[in-house]
Amino acid sequence: MMKSSPPMSIELILEIISRLPGDAVARFRCVSKQWASMLATPYFKELFLTNSSSKPRLLFAIADDGNHKGRGEWCFFSSPQLEDPYEKSSSSTLVSAAEFHVKKFSPEEIEIDHYSNIKYFSCGYNSGLIYFHGSRYQGKPVICNPNTGRYAVLPYMYTYRKAFSFFGFDPIDKQYKVLYMAYASGPGHHYILTFGAAADMSWRKIKCPLRHEIRSDGVCINGVVYYLGDTRDPWDNINGATLSDYVIVCFHVRSEKFSFIHVERFCRLINFKGKLAMIYWEDDFDIYEAATSDLDVDQYLDDDLVADANYELHVWVLEDVAKQDWSKHTYTWSTDKVFFRRHVYIAGATASGEIVFSMRKYTSKKPFYVFYFNPERNILQRVEVQGFGEGFKNPCSVRTFVNHVEDLHVNDFELLKPFHAPFEDPELLDSDSDSDREGRDKGKKTGMIHWSLV
């Protein structure tokens with residue numbers, strides 16, 4: 001008789017399961033109460049997050065503005081994130097296959113209308129969850145798991161004229177929080193909300209000691225939400241901002257306190273290898289002030305800025321927060337034939353320091369590119385992302401997030417409810433191009449990363 005092999009240890013079982021996708025882990029939880037308890041331990045959640053973080057991905061949130069509802073439907077895709085994408089010739093194009101996660105995300109009772117002006121639409125990403133505040137009139141922000149489509153609707157929040165809000169994560173207490181900042185020139189208060197069970201969530205008033213207008217999206221780094229503010233009084237008869245007007249607002253998620261860093265000019269903020277970095281082009285200007293009444297800032301760029309843009313990029317990295325000591329770098333490169341600065345935006349930076357640019361729009365049957373810039377080697381690498389399909393009738397806005405990982409610290413089944421997409425039009429189901437379908441099928445069969453040169 002054959003001897004039976006010894007049973008696998010619990011540690012080995014957990015190690016194997018921790019390398020699976022989050023939806024597979026969710027199915028294992030249904031095996032028994034013992035398995036559900038075992039896979040809910042802090043040890044397993046940290047193990048899963050460690051393995052997920054070793055394989056970060058790019059997350060694409062595509063706003064389908066041409067759907068039957070008019071606005072507000074979203075599709076989520078992701079693709080492997082390159083850590084060393086550079087070839088001998090940077091003019092070559094790498095090809096990446098996107099993996100489809102959720103299509104037509106649009107809960108019936110919620111409007112998630114997309115606008116590229118931060119005054120009318122807020123969007124953020126943190127530790128596996130994405131946040132939308134897409135209709136200030138409806139006043140119901142949404143938190144969603146883009147891999148599963150499960151979501152939670154936050155309590156109603158009245159907003160006066162503007163819908164500024166930010167999504168933060170405290171890595172110590174493993175808590176997500178939403179910060180709402182009231183319109184500086186109007187009535188109302190600032191509020192904070194801790195994400196949790198629906199019965200326990202409520203908006204709490206919070207005070208900010210410095211009056212300011214919002215001038216950027218937020219980025220959360222090590223438990224601090226950063227965004228750009230403008231302290232200039234809009235009622236003063238001043239044409240243009242002075243050097244001392246801009247300030248980086250620092251909201252500490254755990255203590256719920258504010259601090260401030262004064263900066264010289266308008267900029268974008270990114271996470272650069274775990275440190276705050278401000279990044280701007282030589283000829284950058286405050287686009288939100290220039291297009292103050294435009295819902296679509298992207299359209300403003302297309303209509304009003306047709307001249308060639310400057311390709312001198314400035315990156316300031318905050319090396320010492322207490323001393324406000326910045327290391328300052330300037331980069332220039334020869335223009336890529338596809339990289340047109342007005343059509344891309346800065347998505348962020350990888351863990352190894354590559355700055356990622358993404359196209360603002362996706363149009364069916366046309367290539368969609370992301371660009372990796374290596375500051376140390378001064379190389380720009382173009383990557384075509386395939387697999388979005390051809391079911392979008394109009395050009396769609398794309399929000400791209402770097403370093404996407406799955407995190408089990410949020411209880412997906414207790415805090416987020418399932419989303420069921422409507423039945424598809426058969427024409428849309430069959431609308432993927434052959435190259436899109438082939439690339440996606442390869443990924444499903446092998447579960448591996450596929451790159452090719454064209």
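**Exercises on rings, charges and cysteines**

Arg382 lies over the face of Tyr369, 5.9 Å from the ring centre. The model is predicted, so local features need pLDDT of at least 70 and side-chain atom pairs count only at pLDDT 80 or more, while totals for chains, interfaces and linings use all residues. Residues are numbered from 1 along each chain as its sequence is written, and side-chain values use heavy atoms, with hydrogens and water left out.

**Exercise 1.** Find what lies over the face of Trp316.

*Solution.* Step 1: apply the rule that a charge sits over a ring if NZ of Lys or CZ of Arg is within 6 Å of the ring centre and within 35 degrees of the ring normal. Step 2: Lys328 lies over the face of Trp316, at 4.0 Å from the ring centre.

**Exercise 2.** Classify the aromatic pair of Phe76 and Phe105, and locate both residues.

*Solution.* Step 1: rings of Phe, Tyr and Trp (its six-membered ring) pair if their centres lie within 6.5 Å; planes under 30 degrees apart count as stacked, over 60 as edge-to-face and the rest as tilted. The structure holds 32 such aromatic pairs. Step 2: for Phe76 and Phe105 the centres are 5.7 Å apart with 45° between the planes, a tilted pair. Step 3: Phe76 is in strand E2 (residues 73-80) and Phe105 in strand E4 (residues 99-105), so the pair links distant parts of the chain, 29 residues apart. Strands (E, at least two residues) and helices (H or I, at least four) are DSSP runs, numbered from the N terminus. Step 4: Phe76 has 0% relative accessibility and therefore counts as buried; Phe105, also at 0%, counts as buried. The classes are buried under 20% relative accessible area, exposed over 50%, and partly exposed in between (1.4 Å probe, protein chains only).

**Exercise 3.** How many disulfides does a search of the whole structure find?

*Solution.* Step 1: a disulfide is a pair of cysteine sulfur atoms within 2.5 Å. Step 2: the search finds zero. Step 3: as for cysteines, Cys30 counts as exposed because its relative accessibility is 62%, whereas Cys267 counts as buried at 1%.
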